[in-house]
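Have a look first, then read on.

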Amino acid sequence: MSTETSPAETRVLAYWLWGLPLAAAVWVVVYWHLAALADWLVSAAGLSRATHWGEAVHFFLYDTPKVLLLLTGIVFVMGVIQTFFAPERTRALLAGRRLGIGNAMAASLGIVTPFCSCSAVPLFIGFLSAGVPLGITFSFLIAAPMVNEIALVLLLGLFGWTVAALYLGMGLLIAIVAGLIIGELKMERYLEDWVRAIHQGAAVAPSGTGYGWVERFEAGWRHVREIVGKVWPYVLVGIGLGAAIHGFVPEDFMASFMGRDVWWAVPAAVVLGVPMYTNAAGILPIVEALIGKGAALGTTLAFMMSVIALSAPEMLILRKVLKWPLIATFIGVVATGILLVGYVFNLVL
Amino acid sequence: MKNVKVLGPGCRNCQATLTLVGEVARAKGIEIQLEKVDQMAEIVRYGILSTPGVVIDGEVVHAGGIPDRKKVESWFGPAA
């Protein structure tokens, strides 16, 4: 890590610079032939897509490699990008900002800063103690899990760029407005007492410093092993459920209770989503299959946002630092935002 | 003997880091006193923003994600 010009390091870098374009080319070729591959596998197995089983198996064989390929690609790229955005750096960028512009910055940085929900508490305290206002800290905490790169790329791959862009815009808007509201309400007194009393140790910045390109690429690869290694069971279960829905649930079945004309469907979707805990990669294949059966896009996206952003386990983690009134406000504001998104999507699309 | 603390509320990555540090120290034949710190108040006192964090003899050497094996090896000096 000390010098970037040692011969061994240069050789490793050369491997990466040759290997990456090659891997990218293979990726593209495979990605564009997935449909043909699934068709071939289904007929080779003696199944017909006219049958329930054939259609379900086709969905599974097409979506599994597609989602895994998208996931691997984006997770690698994000792993490299994240080496430029250590949480320490994000915190320095946000310290002392005013509400408004600060919330917008926090929400955007939430997309690229590495974050896992078990780090939520140290991050929260670290931000506050460095002088990042409470409202801005919340904008970050809402955007980070909800508008994550995995959700965005899977939406792009499964539904096209309009839906992905709308999701990005709406997610950022919720994070910004919710943070503004919490900031305006001046709820600092609802932090747990030990949090207000804490005097955090001097900021150290051991992560994200002294990266060379080899380290960045290696970080990307480690990110792939870590994330894909963790979420693939969720993905398989999600695609399995999606395949069953796709093959066996009658056409337009979902329209009767998840269609756009059913006014209570959006709130019901949000409430259902809270106790559920999975990730974007697992929930999206289900969303895709539901929409194919006549469920309205807004309703299903509201469900997805609720599952990702308002999970019960994360609330329990945050309970260690927040008193109930602040948690309730947080849930209330975010849930209202998601409801609005659901209705807007149902109206627009 | 080095005192090594792994800071983390007990998620998968923290567990993996703990195992990795113990493994590398054993492989290098270095005796360490390995501690797991899972109290939030204690964790944040070290000023880390993301877990797991690693503290050696009171100094933070790592924060965020499972550390690279090479990095862990460098904490325990050149090969014995």
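Let's start with Arg319(A), which is partly exposed because its relative accessible area is 26%; that label covers whatever falls between buried (under 20%) and exposed (over 50%), using a 1.4 Å probe and protein chains only. Keep in mind that this is a predicted model, where local features need pLDDT of at least 70, side-chain atom pairs count only at pLDDT 80 or more, and totals for chains, interfaces and linings use all residues. Residues are numbered from 1 along each chain as its sequence is written, chains are lettered from A and ligands numbered from 1 in the order in which they are written, and side-chain values use heavy atoms, with hydrogens and water left out.

**Salt bridges**

The partner of Arg319(A) is Glu192(A), and their side chains form a salt bridge at 2.8 Å, N to O. This pair ties together distant parts of the chain, 127 residues apart: Glu192(A) sits in the loop between H9 and helix H10 (193-197), and Arg319(A) in the loop between helix H16 (312-318) and helix H17 (324-348) of chain A. Helices here are DSSP runs (H or I) of at least four residues and strands (E) of at least two, numbered from the N terminus. Glu192(A) is buried, since its relative accessible area is 16%.

Over all chains, the count comes to six salt bridges, taking a side-chain nitrogen of Lys or Arg within 4 Å of a carboxyl oxygen of Asp or Glu. Among them are these:

| Pair | Distance, N to O |
|---|---|
| Glu192(A) and Arg319(A) | 2.8 Å |
| Arg222(A) and Asp68(B) | 3.3 Å |
| Asp38(B) and Lys36(B) | 3.9 Å |

Asp38(B) is partly exposed at 39% relative accessibility, and Lys36(B) is too, at 34%. Chain B also has a salt-bridge network that links Glu23(B), Arg69(B) and Glu73(B).

**Where the chains meet**

How many residues of chain B are in contact with chain A? There are 22, and they touch 23 residues of chain A, with contact meaning heavy atoms within 4.5 Å. About 1900 Å² is buried between the two chains, and carbon and sulfur atoms give 62% of that; buried area is the accessible area (1.4 Å probe) that two parts lose on being put together, summed over both. Met40(B), Val44(B) and Leu49(B) supply 37% of the area that chain B buries against chain A, more than any other three residues.

Two salt bridges run between chain B and chain A. On the chain B side, the elements giving two or more residues are helix H1 (12-27), helix H2 (40-45), strand E4 (59-63) and helix H3 (69-75). As for the Arg222(A) and Asp68(B) pair, Arg222(A) is partly exposed at 22% relative accessibility, and Asp68(B) is partly exposed at 23%.

**Buried spots**

Strand E4 of chain B also holds His62(B), which is buried at 5% relative accessible area. Over in chain A, helix H8 (residues 149-159) is mostly covered, as ten of its eleven residues are buried. Those buried residues include Leu152(A), Val153(A) and Phe159(A). Just after H8(A), Gly160(A) adopts a positive phi of about 95°.

**Out on the surface**

Val237(A) belongs to helix H11 (residues 213-248) of chain A and counts as exposed, because its relative accessibility is 53%. Val177(A), in helix H9 (residues 161-184), is partly exposed at 38%.
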